[in-house]
Structure formats: C-alpha cells, structure tokens
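Subject: Structure for your files

Dear colleague,

Here is the structure I said I would pass on. Please have a look at it first; my notes on what was found follow below.

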Amino acid sequence: MGHGEMDGSADGDSEDNIDWNTEDELEVENYPVSWCPGEASSFGGSSSSKLFNHFVGMGFSEKLVSKAIDENGEANTDLILESLLTYTALEDSPEAQQTETVVNDDCSSGYEENPFDDFSDDDSDSGREVIHNWERKMMLLEEMGYTSDEVSIALERCGVDASVAELADFICAAKYSKEADALLPEEKPQPVLSVNDFHQSKKRKLGGYNSWKQNLIRDKKPDEDEPIRLPNPMVGFGVPTYSSQQPNRRNLPESARAPPYFYYENVALTPKGVWDTISRFLYDVEPEFVDSKYFCAAARKRGYVHNLPIHSRFPLRPIPPLTISEAFPLTKRWWPTWDTRTKLNCLQTSIASAKLTERIRKALEDYEVEPPLKVQTDVLHECKKWNLVWVGRNKVAPLEPDEFEMLLGFPRNHTRGGGISRTDRFKSLGNSFQVDTVAYHLSVLKEIFPRGINVLSLFSGIGGAEVALHRLGIPLKNVVSVEISEVNRNIVRSWWKQTDQKGRLIDLADIQQLNTEKLEQLINAVGGGFDLVIGGSPCNNLAGSNRHHRDGLKGKESSLFYDYFRILDLVKCIMSR
C-alpha cells in the first residue's frame with residue numbers, strides 16, 4: 001500500500017536500550033520555499049542581470065545582491081534570498097556580525113575533530129558544520145525577534161538543514177495556529193510583509209507568501225503539529241506474541257456495521273489530530289495501533305481503522321522469524337556484543353550508501369577488541385538508522401530487497417525481475433503492508449467467506465492485501481486493484497498469474513476516476529457488491545521524515561485519504577440500494 005514512528009523499544013523490553021524514535025521510511029523531498037508566490041519558478045532561465053535586478057528591486061543593496069549571487073550561483077534563488085536576509089540581519093547587529101565571522105572561519109573551530117562527524121550519506125555533512133549551522137541560525141532568528149525557545153523548537157522539529165525561511169515560517173505557523181479560531185469557516189487572509197517591514201521589525205512573518213501554507217495555518221488546531229501519543233505496548237486489540245488483557249469485543253457505531261467490511265491503514269505517528277479526522281470520516285471507528293515487531297523482526301508502527309470482528313483471529317503459519325538473529329543467522333558470527341539490537345527499525349524506501357558502510361569499517365578496523373564507547377555509540381546510531389547488519393569483521397551492510405520481502409511477509413522474488421530496478425524494489429517494499437500483521441486482522445474473514453471474497457483494493461501497491469488473503473486460504477473471486485504505479489501493477493499481475501488465481505483481477509490506475517457510474521459498473525461486474533474495501537493512502541505528508549511539507553491530510557498526496565472515504569461511502573450507498 002502506498003505510504004511511512006516512535007514509541008517503545010525494539011522488542012518491547014527496555015533493557016535493549018534501543019531508540020526506536022528514528023523517523024519513518026519515506027524519503028525526504030525538498031520543498032522549495034520562495035519569497036513571493038509564483039516567482040521562484042520563473043528565475044530558472046533568467047539571465048544574471050534579470051536575477052540581479054529582481055533582488056535589487058526587492059530592496060536589497062546592489063553590493064549584497066552581487067555577493068549573494070557570487071557565493072551561491074544563479075541556480076538556487078532560495079539560497080540567494082536566505083543569504084541576503086542573513087547579510088541584512090548581520091549589518092544591523094555588530095555582535096551578530098562578529099559571531100558570523102567566527103562561524104564562517106573553517107580554520108578557527110573550537111570543537112574537537114571527531115571521525116564520526118561525517119557519518120552521513122552526504123559527505124559534506126560534518127559534525128562541525130551541523131553545530132555551526134545550528135548556532136548561526138539560532139543567532140539569526142533571535143536577531144529577527146524570535147525567542148530562543150521558539151527557535152530551538154523549530155530547529156528540533158524541522159532539522160538543522162532547514163533554511164532560515166522554513167524555520168521562520170514554522171514559528172509563524174505555530175503562532176498563527178494558536179491564535180486561529182477553528183470555528184470560523186471563512187478564510188482569514190494573512191498579511192504579506194514587504195522587505196521594508198523586515199528591515200523595520202526584524203521579524204519575518206511570512207503569512208501569505210505561499211498559498212498551501214495559508215491553508216495549513218487556517219485549518220490547523222492548537223498543537224496539531226505535535227505527534228500523537230501512541231499506546232505502549234502498541235498491540236491494538238491484541239497480538240499473538242504478547243499476552244495482555246485486551247478486549248475481544250467492541251461496540252461499533254451503527255453507521256459502521258452495514259456492509260461492506262472496510263480496512264484502512266496508515267502510519268501511526270502523524271501530526272496530532274490526523275487520526276481523529278480519519279476516525280471521524282470513517283464512521284467514528286476507533287483506530288487500532290499495532291507495531292509489526294510483534295509479527296516479524298522489524299518494527300512498523302501503523303494505525304488501522306476497520307469494522308472487522310476482533311475475536312477468533314489467528315496468525316499466518318509458519319510464524320516468521322521474530323528477531324534479527326533468527327532472520328539472519330549468518331550474522332551471529334560477526335555481531336559485536338555492544339550491538340544490542342534484537343529487532344530492526346522500520347524498513348525504509350532508501351538504504352545507506354556504500355560510502356557510509358566504508359566509513360564504519362575504517363573507524364572500527366584500528367581496534368583489536370572493542371572500540372571506545374563513543375565509537376560504539378556513533379556506529380550503533382547509524383546501524384539503527386539504516387538497518388545495517390553485520391556481514392563480516394567490522395563490516396556492516398544494508399538489507400537486500402530479498403531480505404525486505406522476507407521481513408515484510410511477501411513471497412521470495414515477489415518484486416524481482418520483469419524490468420524492475422533495484423531502486424523501485426526498495427521503494428515499493430518500503431511503502432507496503434507488513435503482510436503477517438494485516439493477515440492477522442483479516443483472518444476473521446476466512447470463516448465468513450469460505451467460498452471466496454470480492455475485494456476493492458485501493459492504493460494497492462504491490463498487493464499486500466491480496467497476498468495476505470491468499471496466504472490465509474481465502475479464495476479471491478474478484479479483485480479490483482487501484483494503483484497509480486505501473487511498476488506495482490505489473491508486480492501484482494505477475495503474482496496473480498504465478499499463484500494460479502482462479503478469480504478475476506481488474507486493475508485500474510487512477511483512483512479519482514472511480515465515480516458513481518464507474519463503481520456501479522464494477523459492482524455489477526463482480527456480482528452485486530464488494531465484501532471488503534481495503535487500502536492505505538499515501539503518508540507523504542504525514543510521516544515524521546517529511547519535515548519540509550508535513551502538512552497532514554491537506555497535503556497533495558495524503559489528501560487522497562478523502563478519496564478512500566469517498567469511494568467507500570459510495571460503495572456503501574450503492575450496495576444499500
């Protein structure tokens with residue numbers, strides 16, 4: 001399914017001392033921030049004189065504009081603008097100017113060299129640069145008039161790599177969200193401040209420079225950007241490997257009891273208020289939060305809203321490996337005693353680079369027995385972040401796609417071949433269901449539909465729902481699979497043929513084309529209705545790693561949740577007739 005957490009230790013035991021607060025699996029996309037709406041995209045093909053005149057026309061001096069363009073080049077107008085704002089703030093503050101001189105002096109660092117400063121996929125990301133960037137941005141934003149607490153929170157939430165523009169915008173958004181009256185239906189336009197306003201107030205309140213930010217601020221509730229508080233342990237209404245006093249019955253709202261069954265999944269760790277909204281649209285059904293570490297050797301924290309029964313569930317057999325050593329026994333020989341992991345972190349859509357693993361090898365090879373505690377800590381941090389496993393003496397490596405498939409419960413070679421690239425395999429697997437977890441929830445359908453089931457699978461991805469139902473032994477009579485990715489559709493079609501399915505697969509690309517007329521045709525085609533509507537809409541604007549545009553259900557991709565609800569509601573209405 002198209003998607004991407006925090007809470008708890010690797011295996012439920014605090015003794016493991018494993019920090020599972022690493023961000024979820026989606027790759028961070030750079031979201032450009034422009035000073036004026038609609039202008040940033042026009043700069044790309046401009047001549048240097050046009051670019052120069054543009055910034056001079058904004059009120060910056062010719063000297064500063066020339067300096068900013070020389071230092072940053074003409075390609076990235078955001079960097080030029082940030083530099084101009086920096087120069088302007090520094091000119092107004094002798095103390096800040098002196099601090100900036102020290103910060104930019106690469107030869108005069110007061111910080112001790114550390115071999116792990118550059119432990120990153122980005123070779124330019126050193127520990128000293130991170131510290132310098134943090135201090136520089138702290139100073140600039142405080143000079144603009146923001147408090148140290150506001151700046152610290154913004155840096156912590158957005159990351160030190162965020163631009164000054166993004167940090168200032170984050171602070172303003174937080175302020176506006178506290179002031180906004182959520183009961184007012186009409187839009188309250190935010191003022192667009194000129195550069196002169198910036199010079200006079202030293203505050204960069206950017207309400208209105210970007211329309212999508214206006215929408216976010218307008219509809220945001222207080223503290224919505226704070227992550228939701230998740231249950232610990234995250235076992236939902238019960239899991240087979242964790243004994244707890246969980247209820248085996250629940251009271252569903254009346255509107256959720258009518259056919260068909262529905263099952264919706266997304267990342268557990270979202271901005272506060274997102275799951276409340278999802279629950280409200282899905283007939284006020286309470287979400288069930290489950291971490292897949294109770295079903296396999298990797299964590300995957302997810303929320304599920306469904307109207308399935310919760311009694312008589314059973315797990316898939318055979319039970320998959322539940323620890324790293326069980327899943328990858330060959331790693332035991334090389335696993336150091338100071339690496340206390342027993343579970344992997346959430347599987348991501350991207351993997352660590354060869355440069356990073358080489359740095360780790362070089363950092364460890366000088367020590368005959370155990371490296372110093374600082375080295376252990378830094379190496380373990382990278383191992384947890386990128387799910388690295390030990391494959392030799394001082395050698396770590398990222399997981400292979402086949403190992404991803406095994407951990408996620410898919411058949412071997414499910415995503416292999418057919419012209420599919422290795423990169424696409426990681427992307428498709430990182431965005432999928434964990435099959436064993438989903439199958440445990442869907443297992444109740446085997447008794448209800450012994451002769452087979454009709455499924456409407458929305459945002460099908462690589463067919464996690466279909467694989468789960470098949471592994472449960474539930475015949476797939478008709479499956480309408482809706483998935484925008486041609487790569488993923490090819491994977492599902494190939495699996496359908498290889499497993500010799502007797503039913504019919506109808507695959508569609510565009511979920512927004514499913515209107516009333518089309519759904520009526522499909523319902524008639526499958527013989528009267530769907531038994532299950534299942535799906536997990538993209539989490540691109542929900543997951544913690546998407547810091548640049550974590551705008552909740554209003555985001556371009558994550559707003560597709562409303563299509564899931566729209567289609568489910570149409571299916572219910574059509575079937576009720």
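The notes start with a pair of helices. Helix α20 (residues 516–525) and helix α21 (residues 561–576) have axes that come within 10 Å of each other and cross at roughly 60 degrees. That angle makes α20 oblique to α21. The crossing of α20 over α21 is right-handed. On the α20 side, the residues that meet α21 are Thr516, Leu519, Glu520 and Ile523; their partners in α21 are Ile567, Leu570, Val571, Ile574 and Met575. By type, the residues of this contact split into 7 nonpolar, 1 polar and 1 charged. Please keep in mind that this is a predicted model.

Arg341 sits between α11 (324–327) and α12 (354–364). Is Arg341 buried or exposed? Its relative accessible area is 6%, and the cut-off for buried is under 20%, so Arg341 counts as buried. Arg341 and Lys384 are 43 residues apart along the chain, while 8.2 Å separates their C-alpha atoms.

Last, some totals for the chain. The chain holds 21 helices and 9 strands. Of its 577 residues, 52% are buried. The accessible surface of the chain amounts to about 26600 Å², and carbon and sulfur atoms account for 49% of that surface.

Regards

Notes:
Residues numbered from 1 in each chain as written. Predicted model: local features only at pLDDT ≥ 70, side-chain atom pairs only at ≥ 80, totals over all residues. Heavy atoms only, no water. Axes fitted to C-alpha atoms, helices over the stretch in contact; angles between N-to-C directions. Helix = DSSP H or I, 4+ residues; strand = E, 2+ residues; numbered from the N terminus. Parallel < 35°, antiparallel > 145°, perpendicular 65-115°, else oblique. Left-handed = near helix turned anticlockwise from the far one by under 90°. Contact = heavy atoms within 4.5 Å. Nonpolar A, V, L, I, M, F, W, Y, C, P; charged D, E, K, R; others polar. Buried < 20%, exposed > 50% of the residue type's maximum accessible area, 1.4 Å probe, protein only. Areas by Shrake-Rupley, 256 points an atom, 1.4 Å probe, with all protein chains shown as cover.
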